[in-house]
Each structure stands twice: as structure tokens, then as C-alpha cells.
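The sequence and the coordinates are shown first.

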Amino acid sequence: MQPIFDLARRRAIGLLLLALASPTVPSMAHAAGVEVTLDQILAGSHRDPRNVARDVYRHPKEGLMFFGIRPDMAVVEVWPAGGWWTEILAPLLREQGKYYAAWYATDAAGATDYAKEQEKKFDAKLADRPELYGKVVKTHLLAPAFVDMAPKGSVDLVLTFRNVHNWAKAGNAEAMFKSFYDVLKPGGTLGVVDHRARPGTPFKRQIESGYLTEEYVIGLAEGAGFRLVQKSEINANAKDTTDHPRGVWTLPPTLALGDQDRDKYLAIGESDRMTLKFVRPVR
């Protein structure tokens, strides 16, 4: 089995962690070091080629840098599903940080067989590469009943990618955002990426299409006590009109219409997305 990093790369990570421990190193140098490490992880042979193909739409390095990630952080990823971000976050946080993979609570009433099978696949992925994933802390989350994703007040960064529309439909979005607030340290960051509806889209249409307005998502976060820090257009897609026959699932990677107009939707690419950074205020 080939390691993802050769000796030089391991030394680079060691130097980065040393720099992060030194208060005299400027923050710009910290950021540059994190970028180098992310570049090495993203180029690693451990990544599923199907996941690598999505980098052009999901901008993992730019997004994580926007959210201020560092290798010494405690980070919760909400509902990691097949582990697309796990392949990046677990190696980054393995040596000095902590990565909580807060999976869907498959013990909850109504959990589908599909979700349980997906969880088994995720567990197998972790078990297959203990040198990469052996320190991942897997927990479960489905507020308000299942909220023990990490010790309360202990986390530096909570990340959720393309999940809020599911909670909006299920009616537990407010409870989910409250659970994020509770788990973060004062001053901690919540990073949200989701499919973006046009301003003024009726809420019923948001639920049906999977596209949410920024106004709605910001309102959820602020209602839980967060403060919006910054927006980014990293994951914007001007080709996406958001008015597709099967909602956001018409587009890749789902391609819900199958071969019907497949080339058209492949040419659009993945959805237009909001990228929002919130902070739990220090009080």
C-alpha cells in the first residue's frame, strides 16, 4: 500500500505544524502553509478518482481556506455521507487536530435502509485505511433527539455541505443550527454551503427544488445566535438557472433525468451555491 505522502511531504506538514505553534509567525505564513498541505492532500493517491473529478465544482481548497481551517483545529463535518470531504479533512487534522464525522443518526425512528447501507460503506472506508482514518471520531446527529456530535463548547469549526435543504424539508433546520451553536466554542466558526435559490423564491418552491435563498439560511443561523461574518462566491455557477424539472437533482452528480438532456445538464455542472461563514459570538 502506497502512503499518500512521501518523506518530503511529511516534513512539510511537520514544519507547518511547528509554524502554527509559534505565535511569532504571521498569519499569512500560516495560511500559505495550510494551502501547501491541502494541495498535497488533494493530489494524494488515496482519493477516489470520482471525488477528484468533482473538485472543479466544489473548490475544496478555496472553501476550506475561506472558512479558516487549520490542522490544529477540532472540526465537525455534518453528515459526511460517502466521505467526499473525509478524504481531505481526516488527513489534514490527523496529527494535531480532531475530526468528528457527525453521521446521520441511523438509530432514529424512520431511518431508511438506504441510509444504513451508506453508513456501512462509510465505516468500511474508514476501516480500509487506518493510517489515514484511524483517528476519525464518528458520531451521530439528527436534532433535536441526537445532538451528541462532539462535547459542547469544544469545537473550532462546524462544516455543512449541501445539507440545509434536507433539514428545511424535514422541519428540523432550527434545531440543527442550535446544535451547531452549542457544540462550538465562543468565537468558533460555522461554514455553510448549499444550493442557492433566486431571492424571493417562495418557501414551498425552495423545499420542492432543493434550492434555498440566502435570506432563509442566514435567518436560520442568526436565529440560533450566530453572526454572519462573510459571504463568498467560490461555489457560484452562473450557468445554473435553478429552474430544472427535477430541481437541483436534475444536475450532476445525481442527473435525475438519466439520459434525457444529459449533455445539457453536464454542461451546466453542479448547482449554483451559497458559501456563508458565521461565528458564534464571544460574550
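Which residues does leucine 89 touch, not counting residues up to four places away in sequence? The model examined here is predicted. Its leucine 89 touches Leu64, Ile69, Glu77, Tyr99 and Leu159.

## Helix α6 and leucine 89

Leucine 89 belongs to helix α6, which spans residues 86-93. The relative accessible area of leucine 89 is 0%, which is under the 20% cut-off, so the residue counts as buried.

## Glycine 83

The loop between β1 (74-78) and α6 contains glycine 83. Glycine 83 is buried, with a relative accessible area of 0%. Leaving aside neighbours within four places in sequence, glycine 83 is in contact with Phe122 and Lys125. Asparagine 51 is 32 residues away from glycine 83 along the chain, and their C-alpha atoms are separated by 9.2 Å.

## The largest pocket

The largest pocket holds about 1,700 Å³ of space. Its lining comprises 48 residues, of which Ala81, Gly82, Tyr114, Gln118 and Arg162 are the closest to the pocket centre.

The elements that give two or more residues to this lining are α3 (49-52), β1, β2 (98-104), α7 (113-128) and α9 (164-170). Helix α7 gives the most, with six residues.

## Aspartate 240

Aspartate 240 is placed in the loop between β6 (227-232) and α13 (262-268). This residue is buried yet has no salt bridge. The nearest side chain of opposite charge is that of arginine 198, 6.1 Å away; a salt bridge requires the nitrogen and the oxygen to be within 4 Å.

What does the side chain of aspartate 240 make a polar contact with? The partner is the side chain of tyrosine 211, at 2.8 Å. The aspartate 240 side chain also reaches the backbone nitrogen of threonine 242, at 2.9 Å. Beyond four places in sequence, the contacts of aspartate 240 are Arg198, Tyr211, Leu251, Ile268, Ser271 and Asp272.

## Salt bridges

The count of salt bridges comes to 24. One of them joins the side chains of arginine 50 and aspartate 48, at 2.7 Å from N to O. Arginine 50 is exposed, with a relative accessible area of 66%, whereas aspartate 48 is buried at 18%. Another links aspartate 72 with arginine 70, the closest N and O atoms being 2.9 Å apart. Aspartate 72 is partly exposed at 27%, and arginine 70 is likewise partly exposed at 31%.

Within helix α7, glutamate 117 and lysine 120 lie three residues apart, about one turn of the helix. An α-helix has 3.6 residues a turn, so residues three or four places apart point the same way. The side chains of glutamate 117 and lysine 120 meet in a salt bridge at 3.5 Å, N to O. Glutamate 117 counts as partly exposed, at 41% relative accessibility, and lysine 120 as exposed, at 54%.

A network of salt bridges links Arg196, Glu214, Lys231, Glu233 and Asp272. Asp272 is also one of the contacts of aspartate 240.

Conventions. Residues numbered from 1 in each chain as written. Predicted model: local features only at pLDDT ≥ 70, side-chain atom pairs only at ≥ 80, totals over all residues. Heavy atoms only, no water. Helix = DSSP H or I, 4+ residues; strand = E, 2+ residues; numbered from the N terminus. Buried < 20%, exposed > 50% of the residue type's maximum accessible area, 1.4 Å probe, protein only. Contact = heavy atoms within 4.5 Å. Lys, Arg positive; Asp, Glu negative; His and termini not counted. Polar contact = N/O pair within 3.5 Å; in protein donor to acceptor, adjacent residues only side chain to side chain. 1 Å grid on protein atoms, 1.4 Å probe; cavity = no way out; pocket = protein on both sides within 12 Å on 5 of 7 lines; lining within 4 Å. Points joined across faces, edges and corners; volume = space filled by probe spheres on them.
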